Each structure stands twice: as structure tokens, then as C-alpha cells.
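Please look over the sequence and the model before reading the points below.

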Amino acid sequence: MSVRNPLTSLPKDYLGGALMVLIGVGAIVEGTRYSFGSLHRMGPGFFPVALGTLLALVGVVIGVIGWLEHAPGAASERKTLPPEWRGWACIVGSLIAFVVLGHYGGLVPATAALVFISALGDRQNSVKSSLLLTAVMLVICVVVFWWALQMNFPLFRWG
Amino acid sequence: MFQESLANLWFGFGIALQPHNLWWSFVGVLIGNLIGVLPGLGALTAISMLLPITYTMHPVPAILMLAGIFYGSQYGGAIGAILLNLPSHPPHAVTCLDGYPMTKAGKGGTALGITMIASFFAASFGITVMLFASPLLVAVAFKFGPAELFSIMLLGLLAGATMSRGSPLKGVAMTLFGLLVGAVGTDVNSGVMRFTFGLIELSDRVELVALALGLFGVADFLMSVNRLRTVGSTAKLSYRDMRPSKAELKQAFWPMVRGTLVGTLFGAMPGTGPTITTFIAYAFERRISRTPERFGHGALEGVAAPEAASHSKTQVDFIPTMSLGIPGDAVMALILGALLIQGIQPGPQLITEHADIFWGLIASFWIGNVLLMIMNVPMIGIWVKMLQVPYRFLYPSAMFFIAVGVYSTNSSLFDVAEVLAFGLIGAVFIALDFPIAPILLGYVLGPMVEENFRRALLIARGDMMVFLQRPISAVFIGLCALLVLGQLLFGLRDALRKREAAAASPART
């Protein structure tokens, strides 16, 4: 193992522990902006700061235990799956498209974009099969949600 | 006492059999079964997808429908596990072990038939327990003040965090994260906006549906896209195959009873997840079997016991949720959230104040389970077809239902963005081996935990000892301490063992 991505070669528990510490400290920092109060009369900041402190502590312990278990020389037995950038990008992109197009274009363009883009995330879907699925979902969308359930979402809107 | 419960049950049947309520119960069971069968979609996704629809309904049909979706999807999940080796809901993972080998041996129909009988038997037992235990629990629960409520919620959260699969510490971390997410919004005592980061939409708390669908829908799709390949089942089933022989029934009877008891026991404990319950039922069955080598190769007992356990647990789980307001797992947290949205505060007063909901729900369980039995026999062929829907069509369609469903809760696109955010957060947590179900439990209980903690200390003038001075509270705190201590010992032992094993084996590079 000569060149490895420094991020993925770290044991998962280091990353997980660090993330928990980060969230915990973030909660403490944000929580101290609200009044803390006393045990008798707690302010709105008391609970969040207490939770943040606990979370940061747990994060540290997760990291330490990860270090204990990850004894030097022991190969990591967990296999990691290869990243799936295409699928991830399409799923995330499709939801962003739904929000943006829903705001500026209405239900029909938003639905079309959501289904089409997310379908393209699967390697086995072609443009044709994705379009077909989009058409089916559009029909369901208009008939079930717009017509039958009378959802408060215009089919088209401008700007 | 006994007669009173029966009279109440009679009253409940009256409610549940009203055509309107019966109809929604049926719809819930049908949709739940349908979604449960679809690969990759479990009870959590099913309930959260349909939660928005119930917001505008009357509370009684709404809760009947949600409960129907829950056990309907459990039934459906077993079908996928047995016929396709595909656990769409983690508790069914253990059913795959013996259910799928049975399918390969051409006995898939029998496995399904036994599952159905075991489920019905276990559910009936669970309902009976619920019927008689709930009033008893309520009598105790009326003695609960803020200190007791805080302590029992703490126990529930700790158990939920440590008794599910995976590292207990990571479960605790996720519970804490969930509690923090629950703190987002306007503080009820002071009106201060917390963790809203200037977003006015967040002042009204994080949307329950958005959180649930982000964590259990989008995050799951992110993890399984292009990784989940469903192999179409070629199994052809007719309802004749599903009738087990007399010998098979006899073989499955005691495992079924034992599974039911395991499920009942675990259902009564707050916080124990459904997955761990089915695994324990299976392990127990294998340990006491005279022929343990048959397990994993299509042993009927290995299907009957865990399925019975999961169904009796499902029913018994409703007891703490309804009578104490403390959900046992993530699904119950969702149902509790739905009740709160309807303006109904679960707790000891629920049974007296909303008798129609409580007894109607119990009666509808029975009706729902009978409906499932009747429905599944002729429809098994359709379910087998449904199993063949490829994942590449399934998840984009589910994405659509999620987006539209979340939008419809508040007619707000902001909520759809919340789904995306929690989907990404959930995927990162899953990738780092964190269990995500405790987040939902923490989120739902968060405000109640904080409220009771503050109230208890206000009454006690800031003296933390109040939690130990009140006897009921002290018992719960003692159980919490036992739980933590036990986990610490187990964890330490495992860590040391791993270290020794690593040191013993020659270093590999």
C-alpha cells in the first residue's frame, strides 16, 4: 500500500468520532448564544449546551475505542464499497431541480426533472427508459395529486 | 377488571367496524402490504410517505390507517425476504436465512403460509396482552410526575441507542444528535429561536416527515443506487402451495409460541429495536433445537419463530407508546408524531380522554390482521409480480412520491430541501456505520425530555437528587445505570479480545 487516499485510509471511527465532536462543539458554540440560566431556572441554552457537551465527549470516546480496536498491524477487515458518484449526483441533483423548478416553473416541470434526473442515476437506465418512466409518473402526478387530491401546487407558473 | 376490558373491546369493535374507519384501516393494510413487498422500501418509508395524507383526516381513521400500514408492510416484507432473499426491512434479515433456502427447495409457499399463521397467532397474543396490560400500566402511570417521566424517557432513549444493532456508543451519539435536531425551533418556555440559523421556516421545528423521509428514504437510495440488484424470482405460487401440511404445522407450533413470547417480552421493554428481537428469537430457537445444523438450510422453525416475535412485538410496542407516550422504536416514534400532530397527547389520560382512539385501535388490529390473512391468499400472485419491479424504476418513482408527499404537508418547497439535507446527513452517518433509527426517537422525544427535565428541576429547586429521591424515578435511573454498566463491560471485553487476536496473528501489511 504505497499511495492511498489519506481520508479513506483513516479508520471510519476516527472520522465518525471527529464528526460527532464537530457537531457537539458546534451545538455548544451556538447554544451559548442563548441564555444558560441555572439548574433551578434553566434558560433556553441549557439543554443544547448539555447535549453538545455529551455528544462531543461520546465522539472522543468513539475515536479512542476506534484506536484501541485498530491495533497496529491489524488489517482493516471491513471492505469499503467503491464510490457511486453518478448515482449520488443524480439523486441529489434531482431534488435540487425539484425545489428550483417547483419554485420557478410549477409542478409539471419539477416532477419531470425529478424523475428523469434521478432515473439517470442508475447505470441500467437509458435516456429512453428514463423518459418513459417520467411520462408515467407525470400522469400519476397530474391525475392523483393535482386532480384527485387537489394539492396546492400549480401545474405551471412563471417566475 | 376482566369484564371491563371485554366491554371496552366490544366498544372498540363498534368504532373500528364503522364503515368509514373500516375502509381506512383496509386502505392502510393494503398500501402497507404493497409498499412492504416492493424491494428496498420498509415500514418506516411506507408510514412516512403516507403520513401527510393523514394530517387532514379525523384522528381515529388516521391512526387506524397508520397502524394498518405498519403491520401490512411487515407482512409484505416477509414475502420479499422469503421469495427473493431480500430483506426490505432489517427485522426480516433473519427470515431470509431459512426462508430463502425453503424457496429454493420449492417450499416457498409453505414458508409463506407458516409466516402468515405465525404472524396472526403472535399478533392475536400481542393484542390480548395489550388489552389487559394497558389499563394496569395506566394506573401506575397516573402517579408519574415530571421526574418519573424524564427518567423513563431517559431509559427508553438509552435502550433504543444501545440495544439496536451496531456499536452502542454510536447509537448514543445518534440519539444525542436526534435530541439536538428536536431542539431546533422556538423554545416553548422562552420563545427564543434555537438553531434556526436565520431561517424563518425552521422556527416551527424540523418537519417530522422531512426528517423521516430524508433518513429512511433518500439516504437509503443514496446507499443502494447501483448496488442493489434484484434478481427476479421465478417462483410461481398459488394459494394451494401455501397450505402447510399437518406435520409442518406441528413442527412450527412451539417455535411460534416461543417466538411470540420473546416478542412480547421485548415489546414491553422500551427502546429495544425490532431487529434485535427477531435475531434473539432465531438464536434461541437454534440453541434449543435438537438439530441445530438444519438452521440456515431451510428449517421451518427458523421462519416461524422470528416472524412470530416481530409481530407480537409490534402489537405490544403500542402499549408504552399509547399509555406512557414513550415510543419503543423509530416506527412508534412516527406514530407518536402523527398523534401529536392531530393534537392528541399520548399518555395515561389518552385511554380515558380518547377512548375511541385507544379501543378502536386495538379492535382494528384484529380486523386488520384478519383482512391481511384474507387478502394475502388470493393476492400472493400479484405480490410475486410486484417483487419483480426493478430497482431502477422503483427508486425514481419513490423519489417522486417522497418529494410530492413532503411538499403537501405544508405546501412548502423548503421542506423538500430539508429532505435532501437529512438524506445527505443520513447517508454520511450510514457510511460511517452509525445507526440512524435513534435519531428519529431522539427527535420525537426531545421536546418532552427537555420539558420534563426543566419542570422536575424547577419543582425541586435545582436539586438533581430529585431523580433518585422519588422511588419510581430511582428505579428507572437504576436500570439506566445497569444498562450503561453492562454495555461498558461487554464493550471492554470485546475490545480487549480483538486486541489480543490482532496481536496473536502475525502482522499483515
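This is a predicted model: local features need pLDDT of at least 70, side-chain atom pairs count only at pLDDT 80 or more; totals for chains, interfaces and linings use all residues.

Is the crossing in which helix 6 of chain B passes helix 10 of chain B left-handed or right-handed? The crossing of helix 6 of chain B with helix 10 of chain B is right-handed.

**Helix pair in chain B**

- Helix 6 of chain B spans residues 108-141 and helix 10 of chain B spans residues 246-268.
- The axes of helix 6 and helix 10 of chain B are 9 Å apart, and the two helices pack at an angle of about 40 degrees.
- Helix 6 of chain B and helix 10 of chain B are therefore oblique to each other.
- Residues that helix 6 of chain B brings to the contact include B:Ala118, B:Phe121 and B:Phe125, while those from helix 10 of chain B include B:Glu248, B:Met256 and B:Gly263.
- By type, the residues of this contact of helix 6 with helix 10 of chain B are eight nonpolar, seven polar and one charged.

**Contact between chain A and chain B**

- Chain A supplies 62 residues to the contact and chain B supplies 55 residues.
- Among the elements of chain B that give two or more residues to the side touching chain A are helix 8 (168-183), helix 9 (208-224) and helix 20 (471-504).
- Helix 16 of chain B gives the most to that side, with 11 residues.
- The side of chain B that touches chain A has 36 nonpolar, seven polar and 12 charged residues.

**Domains of chain A**

- Chain A is divided into domain 1 (6-69) and domain 2 (85-148).
- The centres of domain 1 and domain 2 of chain A, taken over C-alpha atoms, are separated by 38 Å.

Terms used:
Residues are numbered from 1 along each chain as its sequence is written. Chains are lettered from A and ligands numbered from 1 in the order in which they are written. Axes are lines fitted to C-alpha atoms, for helices over the stretch in contact, and angles run from 0 to 180 degrees between N-to-C directions. Helices (H or I, at least four residues) and strands (E, at least two) are DSSP runs, numbered from the N terminus. Angles under 35 degrees count as roughly parallel, over 145 as roughly antiparallel, 65 to 115 as roughly perpendicular and the rest as oblique. A crossing is left-handed if the near helix is turned anticlockwise from the far one by less than a right angle, and right-handed if clockwise. Two residues are in contact if their C-beta atoms, placed from the backbone, lie within 7 Å. Ala, Val, Leu, Ile, Met, Phe, Trp, Tyr, Cys and Pro count as nonpolar, Asp, Glu, Lys and Arg as charged, and the others, Gly among them, as polar. Domain bounds come from an automatic or database domain assignment.
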